[in-house]
Amino acid sequence: SGVLNVTTSGAITDSGTVSVTGTATFASGASNNITLDNANNFSTLVITTGNNVTINDINAIDLGASTVSGFLNVTAGGAISDSGNLVITGAATFAAGCANDVILDRAGNDFSTVSIASGNNVTINDINGLNLSACSVCGNMGVTTNGAISDSGAIVVAGTATFSAGAANDITLDTASNNFNSITVATAND
């Protein structure tokens, strides 16, 4: 219960379950990994610094302002949301299950590549261009960027997919195995 703050100059791992009702903040430095992959229970999780980061949560998780210099993998048994800007240099993968939403809509989010392993309704916002890797969305998907939107893996959306890249930016979703039920382009370069 309460809050948890962990700062190290090396890797952070878990060998048992970590349960924090308040905000859990981890800082391992830009070159050290954070692996919290047991049946953990976080409320809000913040990564001040970390290289490759793997998080597992048994229910919903809120991601506070985080800076990750490598990849970010988040698996949750409930919804995944953000309450702070997420700056992820490597690939970011989110898995919430088909019944749970993934809402990453902060204006200052900055991803390079995002993959949705599983999610119901999915919302992603990015301050510049974004590459979508493999995505499996059981509901609707909304992607808003201030740069080009591209794909490097199959995007499967059971509901409506809406993309907005701004009037000056291209949207290129040309993976042969993409499968959209309905698609809307809100804004993009002509």
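My entries follow, grouped by topic.

**Ground rules.** I am working from a predicted model, where local features need pLDDT of at least 70, side-chain atom pairs count only at pLDDT 80 or more, and totals for chains, interfaces and linings use all residues. Residues are numbered from 1 along each chain as its sequence is written, and side-chain values use heavy atoms, with hydrogens and water left out.

**Ser115.** I looked up where Ser115 sits, and it is in strand β13, residues 113-119. Strands here are DSSP runs of E with at least two residues, while helices are runs of H or I with at least four, and both are numbered from the N terminus. Is Ser115 buried or exposed? It counts as buried because its relative accessibility is 12%; the cut-offs are under 20% relative accessible area for buried, over 50% for exposed and partly exposed in between, with a 1.4 Å probe and protein chains only.

Next I checked what Ser115 touches. Its side chain reaches the backbone oxygen of Ala134 at 2.5 Å. Leaving aside neighbours within four places in sequence, I find Ser115 in contact (heavy atoms within 4.5 Å) with Ala92, Thr93, Phe94, Ser133, Ala134 and Cys135.

**Strand β16 and its partners.** I moved on to β16, residues 141-145, and found four of its five residues buried. Which strands does β16 run parallel to? One is β14 (residues 122-126), joined to β16 by five bridges, and another is β18 (residues 155-164), joined by four. For pairing, DSSP has to find at least two bridges between two strands.

**More on β18.** I then followed β18 to other strands. With β15 (residues 130-137) it pairs in the parallel sense over three bridges, and Cys135 stands opposite Ile155 there. That is the Cys135 I had already listed as a contact of Ser115. With β20, β18 pairs in the parallel sense over seven bridges. Ser164 turns up again here, as its bridge partner in β20 is Thr187.

**Ring pairs.** How many aromatic pairs does a search of the whole structure find? It finds three, counting rings of Phe, Tyr and Trp (its six-membered ring) with centres within 6.5 Å; planes under 30 degrees apart are stacked, over 60 edge-to-face and the rest tilted. I noted Phe26 and Phe42 as an edge-to-face pair, 6.1 Å centre to centre with 85° between the planes. Phe26 is in strand β3 (residues 19-27) and Phe42 in strand β4 (residues 34-49), 16 residues apart. Phe26 is buried at 3% relative accessibility, and Phe42 is buried at 2%.

I also noted Phe163 and Phe180, whose ring centres are 6.1 Å apart with planes at 85°, so this pair is edge-to-face. Phe163 lies in β18 and Phe180 in β20 (residues 179-187), so the pair ties together parts 17 residues apart in sequence. Phe163 is buried, with a relative accessible area of 1%, whereas Phe180 is partly exposed at 23%.

Technical notes: A polar contact is a pair of N or O atoms within 3.5 Å; within protein, one must be able to donate a hydrogen and the other to accept it, and residues adjacent in sequence count only if both atoms are side-chain atoms.
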